[in-house]
Each structure stands twice: as structure tokens, then as C-alpha cells.
Amino acid sequence: MRKLIFILNALLAALTLVACNSGTPTKTVQAPKPAEYLSGRSAFQKLYVAAHSVAADVEPYRMESRYTKGAGEGKSGMWRADFASPSKKLSKTFSWSGLTGPDAPQRGVSNGSDDTYNPGNSTTRIFDPQFLKVDTDEAFKVAQQHGGAKLTGADPDQPVFYMLEFDARKNQLIWHVIYGSSQFDAKLTVMVDATSGVFLREEK
């Protein structure tokens, strides 16, 4: 009799254990990663490394950011750069995103489709990355001293983005600090030498 009671108790304990473990498992919800913002030179390094998957002689000829609110001085959550390989006569765009959210592009580096490249085109002349010594935070400070501070003072949410281009005629790499959401509605564009950090000119 005692043996039967012991067996029944053991079975009851086993059934209780199974019942406790058969509930719906708790799902662990991971908090979304915070957005990441990079300065121009930091973004360029990521894109330049990725671009070398195209060819050994690939070099940049343009880079620009997109205005992303809350990025801070000289930074952006989205950058894109155009690279070209003279030997293969092709160009390719690489992009970086640090944004989050349902409508945000995929985080990290991505690349576009191949396009033809004409080495004789002066508007897409490749440049040596060693020209790029001044970062966008420094270029922003220079731009602030030449009209930018008035705009950001009047509107703390004033959009600012950056474009890097090479002037083949002057053999000069230039940061364009653009106050506006695009080049077409810019209130002010300040050009800064990307090698020396010297103010060049402004356009309104």
C-alpha cells in the first residue's frame, strides 16, 4: 500500500512539473539600438574600405551627407560617396546609415549598381584621400563664423548637410557646408578647404 502511495505521489509531482513548464514562454524584447551619427572623415573611412571590393585602384570623387535631426555639429546619420576605378572605367556609389526605425535604410554600409566612368570628365575627377585632412566638425565651425551662426541662432533646427568635391582646376578638395535641406533651397553655402581648413568663399 505504501509503495502504491509513493508511486502515486511521484506521478502527481511529475504531472505538476510538466504543467508548470507547459505555459507560454516569455519572449525577450530587445530594445532598438540607438541611432549612430558619424563625422565626414569617419564615414569616409568606412565607405573607402568597402569601395576597395570594386578594384585596387578605386578612388573617391564625391561624398555627401543627408541632414538628420539630432546628429550634432558636423555629423550625420547618413552618408554616401561615389568612387571610380580608372582601370575598369566604372563608378559605384556606397552608402552608410546609422539610423533606426521602420522607415530607416538598412544600417551599415551598402552599395549601388555599377555605372560607367569617364576619366576625362572634370566634374568627376578622382582625388587622393590624403587631401582629406579636415573633418566636418571643423568645417562647420568655420562656416558658423561666416554667416552660419546667424541662421542656427534664429532656428536651432536649421538643417545643415555636407558635400565633399574636388576642384580639378585648382587641385583643391572642398567641403561645402550647406544650410538647407537640399542644394536647391539652401540659405547659405560655405566652402572650406578640406586640406587646410581655410575659409574659401560663401554663396547665398
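In this predicted model, residues 1–8 have a pLDDT that stays under 50, and the model gives them zero contacts beyond four places in sequence. For the chain as a whole, the mean pLDDT is 88, and 84% of the residues reach 70 or more.

From these stretches the reader can turn to the interior. In soluble globular proteins, nonpolar side chains tend to be buried together. The largest nonpolar core here has 34 residues, and those with the most contacts inside it are Trp79, Phe83 and Trp175. Two or more residues are given to this core by each of α2 (40–51), β4, β5, α3, β8, β9 and β10 (188–193), with α2 giving the most, namely five residues.

Aromatic rings deserve a separate look. A pair of aromatic rings is described by the distance of the centres and the angle of the planes. A search of the whole structure finds nine aromatic pairs, and one of them joins Phe83 and Phe94 in an edge-to-face arrangement, with 6.0 Å from centre to centre and 80 degrees between the planes. This pair links distant parts of the chain, since Phe83 belongs to strand β4 and Phe94 to strand β5, eleven residues apart.

Leaving aside residues up to four places away in sequence, Met78 touches Glu64, Ser65, Arg66, Thr68, Trp96, Ser97, Leu99 and Pro105. The C-alpha atom of Met78 is separated by 9.2 Å from that of Glu36, although the two residues are 42 residues apart along the chain.

A straight helix of 19 residues would span 27 Å at 1.5 Å a residue, whereas α3 spans only 22 Å between its end C-alpha atoms. The helix has a kink of about 85 degrees, centred on Gly147. Its buried residues are Thr136, Ala139, Phe140, Val142, Ala143, Gln144, Gly148 and Thr152. Among them, Thr136 counts as buried because its relative accessibility is 0%, and beyond residues up to four places away in sequence it touches Ser39, Gly40, Gly74, Trp79, Tyr162 and Trp175. Two of these partners, Trp79 and Trp175, are named among the residues with the most contacts inside the largest nonpolar core.

Two loops complete the tour. Most residues other than glycine have a negative phi. Lys89, in the loop between β4 (78–85) and β5 (90–97), has a positive phi of about 55 degrees although it is not a glycine. Asn171, found in the loop between β8 (160–167) and β9 (172–179), is another residue other than glycine with a positive phi, in this case near 50 degrees. As for accessibility, Lys89 counts as exposed because its relative accessibility is 53%, over the 50% cut-off, whereas Asn171, with a relative accessible area of 48%, is partly exposed.

How values were computed. Residues numbered from 1 in each chain as written. Heavy atoms only, no water. Helix = DSSP H or I, 4+ residues; strand = E, 2+ residues; numbered from the N terminus. Buried < 20%, exposed > 50% of the residue type's maximum accessible area, 1.4 Å probe, protein only. pLDDT = per-residue confidence, 0-100. Contact = heavy atoms within 4.5 Å. Expected span 1.5 Å × (residues − 1). Bend = angle between axes of the 7 residues up to and from the residue. Core = buried A, V, L, I, M, F, W, Y, C linked by side-chain atoms within 4.5 Å. Phe/Tyr/Trp six-rings, centres within 6.5 Å; stacked < 30°, edge-to-face > 60°.
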